[in-house]
Amino acid sequence: MTEHRALVHLTRAWYVACTSAELGKRPIARTILGRPLVLFRAGEGVASALLDRCPHRNAPLSEGRVVSGELECPYHGWRFDGAGKCMALPGLAEGPVESPGRCAEAFSVREQDGWVWVWCEPGVAPDVEPMRIPFADDPRYTVFRLEMRLEGSLVMALENMLDVPHTAYLHRGLFRSGEKRHTITARVRRHGAGAECEYVGEPRPTGVVGALLAPGGGVVQHWDRFLMPCLGQVEYKLGEKSHILSTQAMTPESDYVTRTYAIAAFRLPIPGFLLKPLVRPVIRKILKQDAWMLKQISDNVNRFGGERMASSPIDLLGPHIYYLLRRAERGELDGREHLQLEREVLLRV
Amino acid sequence: MTEHRALVHLTRAWYVACTSAELGKRPIARTILGRPLVLFRAGEGVASALLDRCPHRNAPLSEGRVVSGELECPYHGWRFDGAGKCMALPGLAEGPVESPGRCAEAFSVREQDGWVWVWCEPGVAPDVEPMRIPFADDPRYTVFRLEMRLEGSLVMALENMLDVPHTAYLHRGLFRSGEKRHTITARVRRHGAGAECEYVGEPRPTGVVGALLAPGGGVVQHWDRFLMPCLGQVEYKLGEKSHILSTQAMTPESDYVTRTYAIAAFRLPIPGFLLKPLVRPVIRKILKQDAWMLKQISDNVNRFGGERMASSPIDLLGPHIYYLLRRAERGELDGREHLQLEREVLLRV
Amino acid sequence: MTEHRALVHLTRAWYVACTSAELGKRPIARTILGRPLVLFRAGEGVASALLDRCPHRNAPLSEGRVVSGELECPYHGWRFDGAGKCMALPGLAEGPVESPGRCAEAFSVREQDGWVWVWCEPGVAPDVEPMRIPFADDPRYTVFRLEMRLEGSLVMALENMLDVPHTAYLHRGLFRSGEKRHTITARVRRHGAGAECEYVGEPRPTGVVGALLAPGGGVVQHWDRFLMPCLGQVEYKLGEKSHILSTQAMTPESDYVTRTYAIAAFRLPIPGFLLKPLVRPVIRKILKQDAWMLKQISDNVNRFGGERMASSPIDLLGPHIYYLLRRAERGELDGREHLQLEREVLLRV
């Protein structure tokens, strides 16, 4: 059997490396696309990212400490600023401290919406800014933040998040597991910056979240969105009063490990202090079931030495996620491209 | 040092995948020659085997459930019959469910003598049937069944089972570790379907099993047999009254893991209810010592990056086991071939 | 990023395999440069080393036992003398026991100074003898012996042992972490058999060891030495009364595991029974900090897939250690070569 692996390594892109809250006085280690990074707060608390290796003797800088906004190597005490420049070389009596070979490679960093984003290509100026997360700080919304380690590839994790048909099986009892079936229309649009699926005429999903969204039942508006290269978004609306927007930033640590950072914003006709204890454990449980499934799949792909993918017309976003990421990786993504298609889907409610 | 590995991958063959008792209502996962399989009972309880991977998104089907004789994938609920045909694709509103790309690869299965046998080549009709195990259900015999995981290759495990000289060392105190030495004749015959060694004029072995077989001592009849490709058999006879036939089916899980399924049948002049508590712990202990040794050897082969094999004239069956398996793997086994030789062996009793 | 690994595999060399005390009645397993060895005491207790694999069926001889000065394989009881010759093949009724294919490969061994040295190339007569360790048995000296497993390459471990600038950082609080800085001269000499660094005009180091060496402060004599291919030596002198000589024999087990055997000899104006409880825990703690750092670096090198080494003028011995080992490995070491250079170093005291 010849096998294939749907893995994409897009380094010219922003990924969330950690949350603002995680990055305090001590440096922390993170890995993106297999690249070990150290994050720390340089002068005036500016979030900074270097390759996590001292250029001198390969010690991990993340095991060092931050002294006056400089990162100090734990082995010989060499110090680096936020741009990776060597600022101190203890014991050196003659000659300059700074030299090109003594620099640590630095990565562009942005801190916004409570997340620290890293541009995963060193020495290349980013040509875009990381996306702002809607309603992250909007006082009208109740906001949940969650992080989770998923043992699945970026492509698998994004497809899983934006896939509807699995909910009746993997999340049986929590989500869309009722007895009634409705045929509805799914409208898929793909463009250069992402892909979106709109469900037209969808009855309110079963489960706690559906019940809170539309206590009286009825038809909801529902979109699943992929925003290049690492964001997934699920949006539900019922009139003007009820609105749910859940955004996940997916960071590929390695081929089969993806870290997800979620911001779920709820505007519902019940108060936030009641909403949190009802909804948070459900979100956590759903995410844990997805994490379990992704691990099962990754283990299986590694047992078999590769993947096999049979297509079905109701894999609505997965193929487009893979298509867009692969094109971008090859530098062939055309910003003007546009595709639209419609599919009938049998939804269990 | 250039190293070699005596590994054989014969896929056009029957191997025991599990016992009948292990295969109940839930699917189970097994690996044979590195191929992950799922076993389940399809319509009317018929034991069935598929490649353990949903053709859709690579989820392990063994984590799913059996519904009305069909195996349901735990991710999206796709269902497969015992032949691997896709029978349900939940959510699909239009078009046919069945399609060639949606099939799970199926393997031929036979259930007999309390074992579930799998033909390890998918899409190929077996040209033989698995061997029946003598006396497995004979009421005149007391039968022990045992399973054990051995960390050794198929060739190592088969040779170990059918080798006499090691018993005085590895099983010292349990088997053939007395002070007396007898020179006896070993007669080896090899043909297209296996190899056999007959010990002529062998005094009763020491240890519990020998004492039960021939309480008064004396000369026993003794054969060690290899039956292609995965069966080992040890047979002892004393006149018409006492008979022991122990058969082990060896299933290669991976290069250095072999699972053995044993059926040991005893007809002795003591009742079965007395025999079991006397003999069972001895068999288990001997098997555990063999398992320990096989693991030591496998670890060593992997430390060294290969095997080295010095020959000795009293390696009576090992070289023939390897020869026959290798020839069969290459499709060069000649069913008519015949070889016979005799060796003098110094047996410790 | 293309990466490089500073790994040297010099097999025509003596390495310490174990201590004399470790080698008792039972055989023991050791690995040098990836070669699994069994050590045992053959006739008259002579330390002997064979490849740890029975030539018959690959069982590890180190799991066997020593019988009358011969090593017995635990599987079939084959026996080997200290030169690897097969002396017994139980069960063999006809023909000779000894044969070239039944030999276990043997290694030259020397036992001296409490260590068992092995020449790591089988079948090649050593052209030198292992070095004697000064003062190992001198009654005027208090001697500490220590062994430790370091997860670092031989080159990393030797450089770490003989490097001064890291002490103020990795061993902060224990060694050279005071506030005063002195510029002193380091004189480096490299020749065919090693390299040495002499510190001229070095003030007494801080910490317990420095305080014992020179209670009244003052200038000490200090040399760090590398002696091909595996010895590191640190020597301090204050007049005729105070002398410390610490020798470590570094044995490369595998690429990133090195075992160090240390003999530290102290002649100080305080009695040995007072010295031991003061100094031993400090030495142990320093070694553990070095072991931790070496593991950090090795893990990082493996995360990155290789090493990167920026140079600094105060890496006084590291580059010479690597140069000499690499030249020796290639058979290009010139015994007559000589190099001398001086560097100014800023020492924290």
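Reply: One definition before we start: a residue is buried if 20 or more other C-beta atoms lie within 10 Å of its own, exposed if 12 or fewer, and partly exposed in between, with C-beta atoms placed from the backbone. Keep in mind that this is a predicted model, where local features need pLDDT of at least 70, side-chain atom pairs count only at pLDDT 80 or more, and totals for chains, interfaces and linings use all residues. Residues are numbered from 1 along each chain as its sequence is written, while chains are lettered from A and ligands numbered from 1 in the order in which they are written.

Me: Which residues make up the covered face of strand β15 of chain B?

Reply: Strands here are DSSP runs (E, at least two residues) and helices are H or I runs of at least four, numbered from the N terminus. In a regular strand the side chains alternate between the two faces of the sheet. In β15(B), residues 219-227, the uncovered face holds B:V219, B:Q221, B:W223, B:R225 and B:L227. The covered face is B:V220, B:H222, B:D224 and B:F226.

Me: And which residue of β16(B) stands opposite B:H222?

Reply: Two strands pair if DSSP finds at least two bridges between them. β15(B) is joined by 7 bridges to strand β16 (residues 231-238) of chain B, running antiparallel, and the two form a hairpin with 3 residues between them. Opposite B:H222 you'll find B:Y236.

Me: What stands opposite B:D224 on the β14 side?

Reply: Strand β14 (residues 194-203) of chain B is antiparallel to β15(B), with 8 bridges joining them. The residue opposite B:D224 is B:C197.

Me: Over in chain C, how many residues of strand β1 are buried?

Reply: β1(C) covers residues 14-19 and is joined by 5 bridges to the antiparallel strand β11 (residues 115-119) of chain C, with C:W14 opposite C:W119. The strand is largely enclosed by the rest of the structure, because of its 6 residues the buried ones number 5.

Me: How many residues are in the largest nonpolar core?

Reply: A nonpolar core is a set of buried Ala, Val, Leu, Ile, Met, Phe, Trp, Tyr and Cys residues joined through C-beta atoms within 7 Å. Among those with the most contacts inside the largest one are A:A17, B:A17 and C:A17. The core's residue count is 216.

Me: Which element gives the most to the side of chain A that touches chain B?

Reply: Residues are in contact if their C-beta atoms, placed from the backbone, lie within 7 Å, and this contact takes 23 residues from chain A and 22 residues from chain B. Elements giving two or more residues on the chain A side are α2 (167-170), α4 (272-304) and β19 (338-348). The top contributor, with 7 residues, is α4(A).

Me: How far apart are the C-alpha centres of domain 1 and domain 2 of chain A?

Reply: Domain bounds come from an automatic or database domain assignment, which for chain A gives domain 1 (14-119) and domain 2 (142-348). Their C-alpha centres are separated by 35 Å.

Definitions and conventions: Two residues are in contact if their C-beta atoms, placed from the backbone, lie within 7 Å.
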